[in-house]
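Subject: Structure handover

Dear colleague,

Please find the structure below. My notes on what was found in it follow, with the cut-offs given as each term comes up.

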Amino acid sequence: SVGLTALAALWLAPAAAEIETRPYMSLGYSQVFDDNDRASNDGKGGWIGGGFALNDSWGMEFGGFFHRYNADGDSPVAWRETGIKIDTQYFLMRERVFSPYLALGIGAAETRLRNTGEDSTDGFADFGLGFTTYAGFLDALDLGLRFDVRARILNPDIPGVQTQVASGLRS
C-alpha cells in the first residue's frame, strides 16, 4: 500500500544557538492511496505526537494515528486502523532551515473490518527518512513543516489478511 501524508503546519519549540531540548507537539493529515494488500481504495487519516531532543543527534517521539480505508470496487472490505507508537530519529544535522533525519519506530495498531467488526491488535515496526524546516516566515512564528517517507510492516491476525507493508509520505 502506498500512503501520502500532507502536513499543513506543526508547532515545534524554537531552536536556540545550542540544541533545543524543550518538548514539541506535531500533528498532520494523512492520505493513503490504493491499498492492494487490503483490496481498499484511498484512505484518509491523521496523526498527533510529541517529542523532544535527546542530544544533538537523537530525538524521541510518542504518538498516535488513525486511518480509514474504503472498499475497492466489488470488494466488501472497508478498514479502520488506529495505533500508537514510539519513534526515534537520528538527525544527520540540526539546522532551522533543514534538519534531515532517519527514523525507526515500533508500536501497536488495531485493524478493524468496518463492515464485519472483525478486528486484530498487533505490533508493527516502521522506518524511514525525513526532514523538518522552519524556513521563511515559519521561523518567526515558531512553526515548522515536517515531511518523511515511511515503510510500516504489520501482520494483522484476521483470517485471509496477509502481512501488509505500507509505505509513503508522512508529515
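Helices (H or I, at least four residues) and strands (E, at least two) are DSSP runs, numbered from the N terminus. This is a predicted model, in which local features need pLDDT of at least 70 and side-chain atom pairs count only at pLDDT 80 or more, while totals for chains, interfaces and linings use all residues. Residues are numbered from 1 along each chain as its sequence is written, and side-chain values use heavy atoms, with hydrogens and water left out.

Overall fold

The protein chain has 1 helix and 10 strands. Their order from the N terminus is β-β-β-β-β-β-β-β-α-β-β. Of its 171 residues, 44% count as buried (under 20% relative accessible area; exposed is over 50%, partly exposed in between; 1.4 Å probe, protein chains only).

Nonpolar patch

Phe 52, Leu 54, Trp 58, Phe 62, Ile 86, Tyr 90, Leu 92, Leu 102, Ile 106 and Leu 129 make a nonpolar surface patch of about 920 Å². Strand 5 (58-71), strand 6 (79-91) and strand 7 (99-113) each give two or more residues to this patch. A patch is made of residues with over 30% relative accessible area and no salt bridge, with like charges joined within 9 Å and nonpolar side chains (Val, Leu, Ile, Met, Phe, Trp, Tyr) within 5 Å. A salt bridge here is a side-chain nitrogen of Lys or Arg within 4 Å of a carboxyl oxygen of Asp or Glu. The areas come from the Shrake-Rupley method with a 1.4 Å probe, and for residues only the protein chains shown count as cover. One patch member, Leu 54, lies in the loop between strand 4 (40-53) and strand 5. Leu 54 is partly exposed, at 44% relative accessible area.

Aromatic pairs

The whole structure holds 5 aromatic pairs (rings of Phe, Tyr and Trp, the last by its six-membered ring, with centres within 6.5 Å; planes under 30 degrees apart are stacked, over 60 edge-to-face, the rest tilted). Among them, Phe 65 and Phe 124 are edge-to-face, at 5.8 Å centre to centre and 75° between the planes. Phe 65 is in strand 5 and Phe 124 in strand 8 (residues 119-133), 59 residues apart. Phe 65 is buried at 11% relative accessibility, and Phe 124 is buried at 6%.

The rings of Phe 98 and Phe 131 have centres 5.3 Å apart and planes at 40°, so this pair is tilted. Phe 98 is in the loop between strand 6 and strand 7 and Phe 131 is in strand 8, so the pair ties together parts 33 residues apart in sequence. Phe 98 is partly exposed at 36%, as is Phe 131 at 26%. Ring pairs link Phe 98, Phe 131 and Phe 147 into a cluster.

Polar contacts

Asp 126, in strand 8, is buried at 5% relative accessibility. Its side chain makes a polar contact of 2.5 Å with the side chain of Lys 85 and another of 3.4 Å with that of Arg 150. A polar contact is a pair of N or O atoms within 3.5 Å; within protein, one must be able to donate a hydrogen and the other to accept it, and residues adjacent in sequence count only if both atoms are side-chain atoms.

Tyr 24 is in strand 3 (residues 24-32) and is buried at 17%. The side chains of Tyr 24 and Glu 61 are joined by a polar contact of 2.4 Å.

Regards
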